[in-house]
Amino acid sequence: MSTREERRTAAREGILAAAHRQVAEGGCASASVAAVAARAGVAAGSLYRHFPSRAELLAEVVGDALRGERALLERAAEGLPPRAALGAWVRTATERALQAPELAHALVAEPAGREVDAVRLREQHGREAMLAALLAAGARAGSWPPGDAGAQAAAISGALLGALCGPAAAERLGAAPDPHAEAETLVAFVLGAVGAR
C-alpha cells in the first residue's frame, strides 16, 4: 500500500471511529456531518471524499457495531453445552444492552433512515440465524424439545428487544437497572420458553 493510500485509509478509519463515538454518546440523530467531522478533526467536505452521504456513513457505523455485538454473542456461547450456551447468549445480549442503553437504542430502534434500516434487518437475520443454530443444536442434544428453531429465534430476539430497548422498556427498567439481575430474569424466561430440561 502506498503512503497516499495509507493516509486515505487512516483518514477513513478516523472518521468511522469518530462517528462510532458520536453515535455511542448521542445516538444517530447527533451524528451530523459537522459533528462527526469536528470530532475526527477534518473538514466536513473531506468526510464526503470517504462517504458519499451521511446515510451511508451511519449505515456503516451501525453495521460495524452490530457485527461486533454478534461476534461477542458468538464468543459467549462458544464451546458450551446447549443450555449453558443459550444462557450465555441471552445474558450477554441483556448485559450489553443495559450497560449502554443509549447505544443499544441507537443500534436497533432509533429512526435513522432506509440505509440504516436495511443494515439492521440484515444483521438481525444474521443474529437470528446464529440463535436458531444454537436452538437446533440444543434440540438435537435433547436439552429441550424440538421445534421451529427459526421461529423460536425470532420470538426470543423480539422479546429481548421489547424488554430492553425503547420507551416502554426504559419505563419498566427505571433509571438504574441491575444488568445482572435483569439478565438472570431473561435467561430463566428464555430457558422456560424453549422448554429446557
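This is a predicted model: local features need pLDDT of at least 70, side-chain atom pairs count only at pLDDT 80 or more; totals for chains, interfaces and linings use all residues.
Residues are numbered from 1 along each chain as its sequence is written, and side-chain values use heavy atoms, with hydrogens and water left out.

**Stop 1: the positive patch**

Select Arg 4, Arg 7, Arg 8 and Arg 49, which form a positive surface patch. To be in a patch, a residue needs over 30% relative accessible area and no salt bridge; like charges are joined within 9 Å, and nonpolar side chains (Val, Leu, Ile, Met, Phe, Trp, Tyr) within 5 Å. The areas come from the Shrake-Rupley method with a 1.4 Å probe, and for residues only the protein chains shown count as cover. Lys and Arg count as positive and Asp and Glu as negative, while His and the chain ends are not counted. Each charge is placed at NZ of Lys, CZ of Arg, CG of Asp or CD of Glu.

Now colour helix α1 (residues 3-26), which gives the most to this patch, with three residues. Helices here are DSSP runs (H or I, at least four residues), numbered from the N terminus. Arg 7 sits in helix α1 and is exposed, at 54% relative accessibility. The cut-offs are under 20% relative accessible area for buried, over 50% for exposed, and partly exposed in between (1.4 Å probe, protein chains only).

**Stop 2: His 50**

Step along to His 50, also in helix α3. His 50 is buried, at 14% relative accessible area. What does His 50 contact, leaving aside its neighbours within four places in sequence? Show Arg 8, Ala 11, Arg 12 and Ile 15 to see those partners; contact means heavy atoms within 4.5 Å.

**Stop 3: the salt bridges**

Side chains of opposite charge can pair when their charged atoms come close. A salt bridge here is a side-chain nitrogen of Lys or Arg within 4 Å of a carboxyl oxygen of Asp or Glu, and the count comes to nine.

Begin with Glu 25 and Arg 39, whose closest N and O atoms are 2.8 Å apart. This pair links distant parts of the chain, from helix α1 to helix α2 (residues 33-40), 14 residues apart. Glu 25 is exposed at 55% relative accessibility, whereas Arg 39 is partly exposed at 29%.

Go next to Arg 67 and Glu 123, a salt bridge with its closest N and O atoms 3.4 Å apart. Arg 67 is in helix α4 (residues 54-77) and Glu 123 in helix α7 (residues 114-140), 56 residues apart. Is Glu 123 buried or exposed? Glu 123 is buried, at 6% relative accessibility, while Arg 67 is partly exposed at 36%.

Finish at Glu 184 and Arg 91, which meet in a salt bridge (2.6 Å, N to O). Glu 184 lies in helix α10 (residues 179-193) and Arg 91 in helix α5 (residues 82-99), so the pair ties together parts 93 residues apart in sequence. Glu 184 is partly exposed at 30%, and Arg 91 is partly exposed at 26%.

How values were computed. Helices (H or I, at least four residues) and strands (E, at least two) are DSSP runs, numbered from the N terminus.
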